[in-house]
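Notebook open, model loaded. I'll jot down what I look up as I go.

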Amino acid sequence: MWIVPEAKIADLMDRATCFTAIEGVFAAMSRGDAYNFPVIRESIGHADALYGFKSGFDRQGLALGLKSGGYWPGNEAKGLTNHQSTVVLFDADTGKVKALVGGNLLTALRTAAASSVSIRHLAREDAKVLGMVGAGHQSAFQMRAAVEQRQFEKVVGWNLHPEMLDRLANTAQELGLPFEAVSLDELGAQSDVIITITSSFDPILHAAQIKPGTHIACMGTDTKGKQEVGADLVARATVFTDEVAQAISIGECQHAIASGVLAETDIAELGAVINGTHKGRSSVEEVTLFDGTGVGLQDLAVAAAVVDLAITKGVAIEVDF
């Protein structure tokens, strides 16, 4: 069995490699070459933590395994990331354990890659202003990945706790972009692309706040009950997702489905746009929304890629198991 420790990931995985892996996974899912197993995600009744398992199998790439982990909201105060996870890969031919991979940075990178893929395939080509809702640990990864897809000229941001906005301001400065802290109304009025990356259980943005032509990547809702945008906004938009089954059960679409303003058949796979079987954005006025629920196959794809890189570079640890 190979072990790739968390501390080695940063020197192995870059955004370009991650983007390619995630785009390929979405395409494979839409073709039927890869599928996810049902998600287990529960509150454990301790430390306000959410814990669960995401798993799946890619028949083409033979990636088989699971990611185990969750969200501990008190970790940042302890000097740790709130999201903690580990990926386990298995040999698809024998069922033997193949690799154990640190999943914290990979989760951040693959989540940012997913929204970035949605921006490449759904945002208007002339998008100039990036709006960020949420300033937690993941927000910096999201911004760095997003700006590689369009020629953004400005970043605007909002966070429930304004004292955290320095993270967005500092990341924008690193990227050579001006940053402005704004109200939610101002953010919707200015932004051509909006990324929501929060742990909210109440809607933050609504349809009336969004201008025509906006692309919204909703990346924080991955659990039953969570919600970042109102059902009215989901109903207004043309909706795409990583996996429809997750979108309607634990994703942003769950609330619109429950209230009857959205049907399951209204939701398209982003992979279909990548494969060319769905046209994607149909006009410059259309509002598009990507419901990024985070599927197990994303984790397996980036973990498999990082194991290959670690073996090639001689930093993977081999143990008998």
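Cysteines to begin with: I call a disulfide a pair of cysteine sulfur atoms within 2.5 Å. By that rule I find zero disulfides in the structure. C18 can't form one because its sulfur is 20 Å from the closest cysteine sulfur, in C218, too far for a bond. C218 is in no disulfide either, and its nearest cysteine sulfur, that of C253, is 8.5 Å away.

Ground rules, before I forget. This is a predicted model, so I take local features only at pLDDT of at least 70 and side-chain atom pairs only at pLDDT 80 or more, while totals for chains, interfaces and linings use all residues. Residues are numbered from 1 along each chain as its sequence is written, and side-chain values use heavy atoms, with hydrogens and water left out.

Next I checked burial (buried is under 20% relative accessible area, exposed over 50%, partly exposed in between, with a 1.4 Å probe and protein chains only). C18 counts as buried at 1% relative accessibility, and C218 counts as buried at 0%.

On to strands and helices, which are DSSP runs numbered from the N terminus (helices H or I, at least four residues; strands E, at least two). Two strands pair if DSSP finds at least two bridges between them. I see β5 (residues 63-71) pairing with β6 (residues 83-90) in the antiparallel sense over eight bridges, with H83 in β6 as the bridge partner of Y71. β6 is also joined to β7 (residues 97-102), antiparallel, by five bridges, and there T86 has G102 as its bridge partner. The β6 and β7 hairpin has six residues between the strands, and G95 takes a positive phi near 85° in that hairpin.

Then I looked at α4 (residues 137-146): eight of its ten residues are buried, among them F141 and M143. What do the buried residues of α4 pack against? I get α2 (15-31), α3 (104-122), β8 (129-133), β9 (154-158), α5 (166-174) and β11 (193-196), contact meaning heavy atoms within 4.5 Å.

Last, the largest pocket, with about 910 Å³ of space. Of the 47 residues that line the largest pocket, Y71, H83, I197, T198 and S199 are the closest to its centre. A pocket here is an open set of points on a 1 Å grid over the protein atoms alone, where a 1.4 Å probe fits, with protein on both sides within 12 Å along at least five of seven lines; lining residues have an atom within 4 Å of a point. The volume is the space filled by probe spheres set on the points.
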